[in-house]
Each structure stands twice: as C-alpha cells, then as structure tokens.
Amino acid sequence: MGGNEDEDGFVQYGIDDRPPLGRSLLLGAQHYLTMVGANIAVPLILAGAMGMPESVIPRFVGTFFVVSGIATLAQTTFGNRYPIVQGAPFSMLAPALAVVGVVTANPPAGIEAWRAALLQLQGAIIVAALAEVAIGYLGLIGRLRKALSPVVIVPVIVLIGLSLFNAPEITATSQNWWLVGLTLVAIVLFSQYLGTRSKLFQLFPVLLGIVVAWVLAASLSVLGIFEAGTPGYVDLASVAATDPVHLIYPLQWGVPSITPAFVIGMLAGVAASIVESIGDYHAVARLSGMGAPSSERMTHGIGMEGLMNVFSGVMGTGGSTSYSENVGAIGLTGVASRYVVQIGAALMILVGFVGYFGQLVATIPSPIIGGLYIAMFAQIVGVGLSNLKYVDLDSSRNIFVVGIALFTGLAVPEYMRSVGGADALQQGLSEAFLLGPFLGADVVANTIFVIGSTGMAVGGLVGFLLDNSIPGTAAERGLTAWEDATEADAEFSSAYDRFVAEDEPTSTD
C-alpha cells in the first residue's frame, strides 16, 4: 500500500499501511535505533547495581531486546495495535534498584548475590504485573477515560518529553558536545530542511543522522583522535570479540522468588508505567492522524502491557512498557505504520540472539544517543502542547491546572533525587507530625518515593485531582471537542477480536 497523507501532509504511512519490504526494513531499523540507548541503559544500570559478572552482561542485555521484540509484536497485534515499541521502563527502575539494594546487602547463603537479587526482582515484577493485567482487562482505565481531559493529558505527555532533559548523555560536563551537536543538526537538517526535497531525507532522518555521526566517530576513533574511554569513542574491536550467539530462554537465571514487600514497591512502579503509557497512547494517536484512544483500545493496551510484564519477569528482565522515544520518531518521520514497527520488533529479537549485531549497535557512543534524545523528546513536548487546541485557553482554571501539574511534575522528582533515596525519605517521613508512624512505614515510603520520582506520574495525578475537583464545564476542559475526535469503541478491534468473530458460526434462518 502506498503513502497515506493526512490533511496537513504530515503522515507518510498510516497505521494500516504496509510500505515495500526493503523500505520497511530500513524504517524498522530506524525505529529500533531510536530505542537502543534506553534499552541498553536499563540493563546496564541493573547489572552494575547487582554486581553481575562481565561475562553475563551481554546475555542479560540481549534478553532485554528479545523481550522488547516479542512484547512489541504482541502489543501491535493483540494489544492496542498502535505503532508503539515496547521496551525496558525507567518508571520501574527505582523500585527495581530498591529490591536489588536490599538483597545484595544481605544475600542468602548458597547463591550469588546478583542472581538472588535478580530472582527477587523477577518475582516482584511478575506478581505486580498481574495487577496491571487485571486493571487493564477489567476496563478500569477505560472507565476513567471521560475523567482524563486534555487538561490532564497535556502535562503527562509534556513531562514524558521532559523526562530525559537531564540525562547524562545530554548534560554530562565531560560529554563530547561537538558530536552531540552534529547528531542533532544532522537530524534537524534531514527532517526539517531537506525533507521536502527527497523522500529519502523525509523518511529516514533519524537513521541518516545516526549513521553520519557514527561513521565520523568511528573514523576518528580508528585514527586515534578519539581515545578509548572518552565520550565519542567507537570500540570496533569489541564486535569481533563478542559471543556470536546468546542462549536466551525462560527462567534462565532460576526460579523467581516472591517477597511481599518487594511486590508492593513494584506496584508503585507499575502504576507510574500505566500513567506514562496512557500519555503515549494519546501522543501516538495524535501523531498518526487518529482520534484520541477509545476505552476499548486503552483496555487492550494496558492489559497487554501487564501480560508482557509477566513475560519479562519470567524471562528475567526489568519489565516492559510503551516507549516514548518511538513516539518522537513518528513525529519526525511521519511513519506511523504498524507493519514497520513489527519489522523493527523482528530486528530486536534477531539482535538479542545474535551477539555480533547487538554489540555493533552497542558501539553507538553516548554523545550520539544524547543528540538523538534531544530530537526525539523535544518532538514529544511539542505533541503534548498541541493537544491544548481542544481546551479553552481563556479559562484561568485550565491555565492553573496545567501550570501546577507541569511544575509539580518537575519539582517533586527533583526533590526525590536530592533526598538521597527511599531510606532517607523514610527517615524524614517517620518524623512527620501525627502521620509519622504511617508515612514512615517501609511500604508507604517506598511507594511515595517511586511515584514521586516519576514526573509524569506526579503531574498526571495532580492534574487529574485538580481538573476533576475544580468547577469547569466539559466544553471548557476540552472534553466536548475531544469526545468528537475520539474513536468509537466499535472502531477498534484486536487481532484476537477478529479471530473470534471469524470463528463464530453465522446465524441462519
């Protein structure tokens, strides 16, 4: 099927379009490359915290990519059917690190500390994810849809975009800013200035930007201008030295362990992940030229994310959620094809099993990832703000709610970072007047820390409470205009729904 442009000429390939296979492979690789930085960062952070042996880390990282690929195929086929890549969540990283810290400080006898920590993490994710499955498939999120006005969703999407503005790849003082700038300039040049001159630049600005920057960095590394251990260095020798194949299978680290306190802490991470995913669904719908997601679509989406989190726990990773990076890629390229994302998912699975491919991708240096982040997440901020067109911006209550939600979504996580961790927060809360014993409880403190560390969760909760308690009409809040633009439940059907419908016997007179 050919390109499918909306009235603004932005969407090059719509959700149901299937570009030619060769083009789809390149577009799928582009989607894959946009999520590489985060999907490598999460397992490396966890591996470092657990003290995982160096020889095990490549297989651990490969497992994340295999899980991401399978989860993406499941979500795009049986879940919400949006072109959203699934990957390792930062929103669940805080409770994961809390679990790892406790277990490695007091490891059980007869098992390596890193393995014991990973098995406890797996158990916590599996049980917490079952709650997400229930929340999704029981339709609880769908029933909240009419209470989620653009006034609430705008801060959530904007905070998703701002979530990595202080990532080390962007803000580190030792970063190679020339390479960061080159990557960003290349992406902007291809997508905004040259996109109208060539279909190549229009469809592949991210891929071209990464390739241009990587080739330059690799050349300077070979020439010795970029030295090993410095930002921008490309370690080509590591590709030849890696294991050719990773053996990845369920329960590869052992049988998961379940500790109630860890499960409750992980529930907070799952809650933050759900809020982030709701924002992603609205953002991708807006960029794909579709109406806001229906209750049915959100029900299938969150339910499938829960199932894939259970799967990730069985496989031994740190969870799975919708990836905002790829929403930004749609904004830059206009490629919203579900088929393209599924091709990218197949590449993720291949890279996970084949060590050479995975290590080659891992040679992309942090300055290039930083330039990519700026382009991707800035696009998401813009998409979030564009939803304000449904809202009465002359209304002081709307301006107040959006402003407070955004500010608290930035300020509270910054405070949590300055506190120094869940243990320090627990000590401070235990001294609180009257509520000290309750707030100082381990479970309560960990829950507050996890949710408080996630900007989109804080902003979403504050916006939700204010928007649904401060008087305002449906038209004023944007609900009327949004309802007109929202797809009907009958318009959505998963592959499973269609299979059941086809399998049902037809009635005869």
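Reader: Which residues does Y32 touch, not counting residues up to four places away in sequence?

Author: First, a heads-up: this is a predicted model, where local features need pLDDT of at least 70, side-chain atom pairs count only at pLDDT 80 or more, and totals for chains, interfaces and linings use all residues. Residues are numbered from 1 along each chain as its sequence is written, and side-chain values use heavy atoms, leaving out hydrogens and water. A contact here means heavy atoms within 4.5 Å. With that cut-off, Y32 touches F65, G344, M348, V351 and V361.

Reader: Is S337 buried or exposed?

Author: S337 is in the loop between α15 (324-333) and α16 (338-353); helices are DSSP runs of H or I, at least four residues, numbered from the N terminus. Buried means under 20% relative accessible area, exposed over 50%, and partly exposed in between (1.4 Å probe, protein chains only). S337 has 0% relative accessibility, so it counts as buried.

Reader: How do α13 and α22 lie, roughly parallel or roughly antiparallel?

Author: Axes are lines fitted to C-alpha atoms, for helices over the stretch in contact, and angles run from 0 to 180 degrees between N-to-C directions. Helix α13 (residues 260-287) and helix α22 (residues 442-452) pack at about 20°, with axes 8 Å apart. Angles under 35 degrees count as roughly parallel, over 145 as roughly antiparallel, 65 to 115 as roughly perpendicular and the rest as oblique. So α13 and α22 are roughly parallel.

Reader: Which residues in α22 do I264, G265, A268 and G269 meet?

Author: Those four residues are in α13. Their partners in α22 are V443, T447, V450 and I451.

Definitions and conventions:
Helices (H or I, at least four residues) and strands (E, at least two) are DSSP runs, numbered from the N terminus.
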